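Here are my notes for your reading of this model. Please keep the structure open beside them and find each residue as you go.

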Amino acid sequence: MSVAQENDATRKLTRQNEQFEEQIVEVADNVHVAVGYSVSNVSMIVGDDGVVLVDTGMMGESAERIAEAFRRITDKPVKAIIYTHSHGDHTGGAPAFLGAERPDIWAHVNFGSEARPWKAGGLTFQNVRGARQAGFKLPPDQRINNGVAPVRYPKRGGEVFSDGEATKPNRFLEGERQTITVAGVELELVAAPGETNDGVFVWYPAGKVLFAGDNFYRSFPNLYAIRGTPNRSVRLWAESLGRMAENDAHALVGGHTNPVVGADEVKQVLADYRDAVQYIHDKTVEGMNKGLTPDELVEYVQLPERLAGKEYLQPFYGHPDWGVRTVFNSYLGWFDGNATNLFPLPPKAEAERIAKLAGGHEELRAAARDAIAAGDHQWAAQLADYLLATNHDDSDAKGIKADALTGLAHNMVNATARNYYLTVARELREETQPE
């Protein structure tokens, strides 16, 4: 099966590339946003004797090109950089903007808090999962985009989304909000937990521009990242969006994708975005109080059509189902409430019983192949997992699972899931190649 075959999902995801077309957008007087150069947006506010940057992109090469484009607008020095949060795709480009005099670098006092538990616990596997969801191991013809970002291949290895040493913040937002003045530009920094607990949004009242960081972009938000992260509070994310909506913004600059310009449109977008996040939280809690398990909740919680149909709430990057599961986990932890699952059979023991129930391993294998032929790829993948649980070296089962994951990717509009499916399929096929 060709993973590049055109269908409704691939057409929608391909159209999303319009959100990353390389351009400098002037969203208000003296406010310029670099879109599409890097995987995240970089904004410049021009002041009296210098400029303020909001985020810096990810990689040096793209950041240098943004710096060059900004210098064509003004040669005033960078007086301050504001990090909306600590993810490396927003901070990694900072060295390209440093001049002879180091600017102040502002961030939330909890800057880097997401990566801290990984480092303290010695955990590294999130880097493998992060590379899978981003599609870094896929060839270019298998990557459409990353949902809210264009295709890029980092030239550096190491940690996914953690803070670097060279350009750490030296000024911090310690309370709920703080007004700062840099180069004659007055800005309000507001604590905005959401995608991260160190999130900050920036309000520029003179230009009526709101810089949202990754609490907003044109996709359903990533309430849970499949690479694995410490808990993201869906309730607090909705509250942060509510605080953003209190400002009379005429332009909304997300961490990724094109800015939203126009007071009425900004008001509508922020209201819808907040309502969608709040709905996932509230409806999930409602179902939890009925005793529903996570698997039942993802069927129970369905966004109302007035929200699900909005172009900026399509599941290109995050997915409502993942938000439902993270709400459950954040409140009640791993146990789903079903007594059967307190001490479940180990995977191999369960798989042996399933194979016996099917009439034997070959019958189970045949059922998996039949599922592939019928286009029932999720069931085929689950059956392949039973075969692999009984024999991890079963190359035929690896091939079945790889085909199933490729089939799932074929109709998947969510870029992170699509990339993850295709990457794992590629890994499985590589494991079956003779040395």
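1. Start with Lys 208. At 30% relative accessibility, Lys 208 counts as partly exposed, because partly exposed covers the range between under 20% (buried) and over 50% (exposed). Lys 208 sits in the loop between S10 and S11. Its backbone deserves a look: phi is positive, about 55°, although Lys 208 is not a glycine. Keep in mind that this is a predicted model.

2. A second residue belongs beside that one. Asn 30 is not a glycine either, yet its phi is positive at about 70°. Asn 30 is placed in the loop between S1 and S2. With 38% relative accessibility, Asn 30 counts as partly exposed. Why flag such angles? Most residues other than glycine have a negative phi.

3. Now the sheet that holds S1 and S2. Seven strands form this open sheet, in the order S1-S2-S3-S4-S5-S6-S7, and the pairing is mixed. Strand S1 (23–28) and S7 stand at the edges. Each has a single partner strand, so one side of each is left without a neighbour in the sheet. On average, neighbouring strands of this sheet are turned by 20° against each other, direction ignored.

4. Look at S6 within that sheet. Is S6 enclosed or open to the outside? Four of its five residues are buried, so S6 is largely enclosed by the rest of the structure. Strand S5 (residues 78–82) pairs with strand S6 (residues 104–108) in the parallel sense, over three bridges. Ala 80 has Asp 104 in S6 as its bridge partner, and Ile 82 has Trp 106 in S6.

5. Follow S6 to its other neighbour. S6 and S7 run parallel and are joined by three bridges. As background, strands of a sheet pair through backbone hydrogen bonds, either parallel or antiparallel.

6. A helix covers part of this sheet. Helix H2 (residues 60–73) lies across S1, strand S2 (31–35), strand S3 (42–46) and strand S4 (51–54). Against S3, helix H2 runs at about 25°.

7. Thr 167 is found between helix H5 (126–134) and strand S7 (171–173). Is Thr 167 buried or exposed? Thr 167 is buried, because its relative accessible area is 10% and buried means under 20%. Which residues does Thr 167 touch, not counting residues up to four places away in sequence? They are Tyr 83, Thr 91, Ala 94, Pro 95, Leu 98, Arg 102 and Ile 105.

8. There is another open sheet to trace. Six strands form it in the order S8-S9-S10-S11-S12-S13, with mixed pairing. Strand S8 (177–182) and strand S13 (260–261) stand at the edges. Each has a single partner strand, so one side of each has no neighbour in the sheet.

9. Strand S9 (residues 185–191) and strand S10 (residues 200–204) pair in the antiparallel sense over four bridges. Leu 189 has Val 202 in S10 as its bridge partner. Helix H6 (residues 234–245) lies across S8, S9, S10 and strand S11 (209–213). Helix H6 runs at about 5° to S10.

10. Leu 428 lies in helix H15 (residues 415–431). Leu 428 is buried, with a relative accessible area of 10%. Leaving aside neighbours within four places in sequence, Leu 428 is in contact with Lys 398, Lys 401, Ala 402 and Leu 405. Now compare sequence with space. Leu 428 and Asn 329 are 99 residues apart in sequence and 30 Å apart in space, C-alpha to C-alpha.

11. Which residues make a nonpolar surface patch of about 460 Å²? Trp 334, Leu 342 and Phe 343 do. Leu 342 lies in the loop between helix H10 (320–332) and helix H11 (347–358). At 41% relative accessibility, Leu 342 counts as partly exposed.

Note on methods
Residues numbered from 1 in each chain as written. Predicted model: local features only at pLDDT ≥ 70, side-chain atom pairs only at ≥ 80, totals over all residues. Heavy atoms only, no water. Patch = residues over 30% accessible without salt bridge, like charges linked within 9 Å, V, L, I, M, F, W, Y side chains within 5 Å. Areas by Shrake-Rupley, 256 points an atom, 1.4 Å probe, with all protein chains shown as cover. Salt bridge = Lys/Arg side-chain N within 4 Å of Asp/Glu carboxyl O. Helix = DSSP H or I, 4+ residues; strand = E, 2+ residues; numbered from the N terminus. Buried < 20%, exposed > 50% of the residue type's maximum accessible area, 1.4 Å probe, protein only. Contact = heavy atoms within 4.5 Å. Pairing = 2+ DSSP bridges. Axes fitted to C-alpha atoms, helices over the stretch in contact; angles between N-to-C directions.
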